[in-house]
Amino acid sequence: MRIAVGLGRQRGEKELEASGVNRRDFMKFCTAVAVTMGFGPAFATDVAAALTGKRPSVVYLHEAECTGCSEALLRTVNPFIGPLILDTISLDYHETIMAAAGEAAEAALEQAVANPDGFVCVVEGAIPTADNGKFGYIAGHTMLETVRRIVPKAKLTVCMGTCSAYGGVQAAKPNPTQAKGVNEVCADLGVKAVCIPGCPPNPLNLVGTLVAYLTGKPIDLDEYNRPTMFYGKTIHEQCERKKHFDAGEFAPSFNSEEARNGWCLYDLGCKGPSTYNNCPKALFNQTNWPVGAGHPCIGCSEPGFWDELSPFYQN
């Protein structure tokens, strides 16, 4: 029975071509990752080499979450993330998409964790800690127990989404399960996970983080453990509507002519001035982002945004 995806196979572009991903689309994706990382289009060849060379095993843990971060990742196009994962990225444990179940799934996890070449751990979802973690179980083990057992063994741990980074909506008041982020739960174990917050985050930020790790690029972090190459500027600084903010032109309502003409959404609750993320530059599927679609930023990449930045439609 095949229960793991690859444990670091090295097959690269031939596998992508066999899956229907041509080199042109793949290089467009690599260029988008390179630009998102702040290294410019010339770094695309390094991104391609990192994504098609021998990869470490990736263990993707799900905790208390809605699976929205995985959904965003799986809906990436140019290339579709499916072929990229299955044929070049050695994703050896992911409860949402793996074919194995039950004991076979748990065997895949243990096999990946025991890989002599090591593994990268990606965590999605907050960790319930109340009553010794009894509010969240997977395979008979609490989420708290699993995270504290697996994460310290990883060469690199990445928190995918605000929930695993800081607790997210699960940690919103009154937080009956005492949900927390990975770094808080594993602080006494010497863990310092890289946080890719967002609800959901842009998949390019996750891929860019992994590429930086694989190519030996330094990953500079801010005070909330976010890579500054993605979270170094506020939404407001990068927003295409900023010129209207500077001119004092604010949309009075969502259905107004001013809103349709791109006026600033600050008076409708936009949290862009206090939110650090690269949404205006790293578009979802290289197509659009919330403010571009006419919805104010809700600050979802900030710790405690659900409580501290609400109500979302007021400032």
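In the predicted model, Phe-29, Ala-32, Val-33, Thr-36 and Met-37 of helix H2 are in contact with Leu-204, Asn-205, Val-207, Gly-208, Val-211 and Ala-212 of helix H10. The axes of H2, which spans residues 23–37, and H10 come within 9 Å of each other and cross at roughly 80°.

On the H3 side the contact is formed by Val-47, Ala-50 and Leu-51, and on the H10 side by Val-207, Val-211 and Leu-214. The residues of this contact comprise 6 nonpolar, no polar and no charged.

At the level of the whole chain, 15 helices and 9 strands are assigned. Of its 315 residues, 53% count as buried. Among contacts between residues at least 6 apart in sequence, 74% join residues at least 24 apart.

The aromatic side chains were examined next. A pair of aromatic rings is described by the distance of the centres and the angle of the planes. The count for the model comes to 7 aromatic pairs. One of these joins Phe-245 and Phe-250 in an edge-to-face arrangement, with 5.6 Å centre to centre and 90° between the planes. Phe-245 has a relative accessible area of 28% and is therefore partly exposed; Phe-250, at 24% relative accessibility, likewise counts as partly exposed. Phe-245 also pairs with Tyr-266, again edge-to-face, at 6.1 Å centre to centre and with 80° between the planes. This second pair links distant parts of the chain, with Phe-245 placed in helix H13 (residues 242–246) and Tyr-266 in the loop between helix H14 (257–260) and helix H15 (305–308), 21 residues apart. The relative accessibility of Tyr-266 is 31%, so this residue counts as partly exposed. Phe-245, Phe-250 and Tyr-266 together form one aromatic cluster. A contact of another kind involves the ring of Phe-135, over which the charged end of Lys-134 sits, 5.9 Å from the ring centre.

Several features of the backbone were also identified. The peptide bond from Lys-173 to Pro-174 is cis, with omega near 5°, and Pro-174 is located in the loop between helix H8 (162–166) and strand E8 (179–180). A cis peptide bond also runs from Cys-199 to Pro-200, with omega near 0°.

Positive phi values in residues other than glycine occur at Thr-67, where phi is near 70°, and at Asn-225, where phi is near 65°. Thr-67 is found in the loop between strand E1 (57–62) and helix H4 (68–74). With a relative accessibility of 19%, Thr-67 counts as buried, because the cut-off for this class is under 20%. Asn-225 occupies the loop between H10 and helix H11 (228–231). The relative accessible area of Asn-225 is 14%, so this residue is buried as well. When residues up to four places away in sequence are not counted, Asn-225 touches Asn-183, Lys-192, Ala-193, Val-194 and Cys-195.

Key. Residues numbered from 1 in each chain as written. Heavy atoms only, no water. Contact = heavy atoms within 4.5 Å. Helix = DSSP H or I, 4+ residues; strand = E, 2+ residues; numbered from the N terminus. Nonpolar A, V, L, I, M, F, W, Y, C, P; charged D, E, K, R; others polar. Phe/Tyr/Trp six-rings, centres within 6.5 Å; stacked < 30°, edge-to-face > 60°. Buried < 20%, exposed > 50% of the residue type's maximum accessible area, 1.4 Å probe, protein only. Lys NZ or Arg CZ within 6 Å of the ring centre and 35° of its normal. Axes fitted to C-alpha atoms, helices over the stretch in contact; angles between N-to-C directions.
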